[in-house]
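These are my notes from one sitting with a single model. I went through it topic by topic and wrote down what I looked up.

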Amino acid sequence: MKAIPIRNRRTTNPRELLLYYPYLFSKWNVEYKPFIGRKKTDLRFLMTNLVKGETSILDQRLETEETEIDPEIILSQKWTQNKALKEGHEFLRRHYIHKIRSWSVPRINQVESFLIYLSYEIYLEEVKKKPQLVLYESISEQIDRVDRYPEIQKFLKTRGVCS
């Protein structure tokens with residue numbers, strides 16, 4: 001399986017739990033005609049969250065590594081890869097028509113796609129003198145409270161980590 005490499009976090013707290021969030025990475029060629037100028041072709045990278053069904057544009061290709069992941073620590077997907085690719089195509093079509101203001105409907109071709117698993121580490125830390133579960137996202141190196149992510153909180157409840 002392809003995953004984003006885990007980056008070391010400088011902390012004294014041991015990792016309570018590691019879980020993986022499924023995404024679909026896709027690469028697209030988009031040919032469009034702007035209002036002014038000649039036809040252009042863009043190479044676009046998309047990431048689709050297969051749990052929430054959200055798609056966003058990436059600036060560049062991601063570094064991944066092949067790794068073995070226990071299926072028990074992967075959040076369950078609500079979207080299939082086919083549904084995510086259809087959403088990615090529609091996302092780009094709307095983006096080029098409404099934001100880029102293409103003179104005509106853009107020609108959009110998918111080049112490649114594959115699943116990526118984004119790692120999250122969960123720690124128990126003291127926040128305002130109360131122990132709370134916090135989430136560390138290794139790709140962005142951001143920390144946030146677990147209670148802001150209902151899908152992760154539900155996943156943890158099914159495993160008896162939090163109530």
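**Loops and positive phi**

I began with Lys-129, which I found in the loop between S6 and S7. Strand and helix names follow DSSP runs numbered from the N terminus (helices are H or I with at least four residues, strands E with at least two). The model is predicted, with pLDDT of at least 70 needed for local features and 80 or more for side-chain atom pairs, while totals for chains, interfaces and linings use all residues. Residue numbers start from 1 along each chain as its sequence is written, and side-chain values use heavy atoms, without hydrogens and water.

I looked up the backbone of Lys-129: phi is near 65°, a positive value in a residue other than glycine. Lys-129 counts as exposed, at 76% relative accessibility. My cut-offs are under 20% relative accessible area for buried, over 50% for exposed and partly exposed in between, with a 1.4 Å probe and protein chains only.

Arg-101 also has a positive phi, near 65°, and is not a glycine. I placed Arg-101 in the loop between helix H1 (81-99) and S6. Its relative accessible area is 49%, so I noted Arg-101 as partly exposed.

**Strands S7 and S8**

I then followed strand S7 (residues 130-137) to strand S8 (residues 142-145); the two run antiparallel and are joined by four bridges. Strands count as paired if DSSP finds at least two bridges between them. S7 and S8 make a hairpin with four residues between them, and in the turn Glu-141 has a positive phi of about 60°. Across the pair, I found Val-134 opposite Arg-145 in S8.

Is Tyr-136 buried or exposed? Tyr-136, in strand S7, is buried, with a relative accessible area of 3%. I also checked its distance to Leu-17: the C-alpha atoms are separated by 11 Å, and the residues are 119 apart along the chain.

**Glu-121**

I located Glu-121 in strand S6 (residues 107-127). Glu-121 is buried, because its relative accessibility is 5%. What does its side chain contact? The side chain of Glu-121 makes a polar contact with that of Tyr-123, at 2.8 Å. A polar contact here is a pair of N or O atoms within 3.5 Å; within protein, one must be able to donate a hydrogen and the other to accept it, and residues adjacent in sequence count only if both atoms are side-chain atoms.

**Salt bridges**

I counted nine salt bridges in the structure, each a side-chain nitrogen of Lys or Arg within 4 Å of a carboxyl oxygen of Asp or Glu. One joins the side chains of Glu-112 and Lys-27, at 3.9 Å from N to O. This pair links distant parts of the chain, 85 residues apart, with Glu-112 in strand S6 and Lys-27 in strand S2 (residues 17-32). Glu-112 is partly exposed at 25%, whereas Lys-27 is buried at 19%.

I next took Arg-94 and Glu-87, whose closest N and O atoms are 3.5 Å apart in a salt bridge. Arg-94 is partly exposed at 33%, and Glu-87 is partly exposed at 22%. Both belong to a network of salt bridges that links Glu-87, Glu-90, Arg-93 and Arg-94.

Arg-145, noted above opposite Val-134, has its side chain in a salt bridge with Asp-147 (3.1 Å, N to O). Arg-145 is partly exposed at 30%, and Asp-147 is partly exposed at 41%.

**Pockets**

I looked up the largest pocket and found about 210 Å³ of space. On a 1 Å grid over the protein atoms alone, a pocket is an open set of points where a 1.4 Å probe fits, with protein on both sides within 12 Å along at least five of seven lines; lining residues have an atom within 4 Å of a point. The volume is the space filled by probe spheres set on the points, which are joined across faces, edges and corners.

Which strand gives the largest share of this lining? S4 does, with three residues. Strand S3 (40-49) and strand S4 (55-58) each supply at least two. Among the lining residues I listed Tyr-23, Met-47, Leu-118 and Glu-137.

The second largest pocket holds about 160 Å³. Its lining includes Val-51, Lys-78, Glu-151 and Phe-155.
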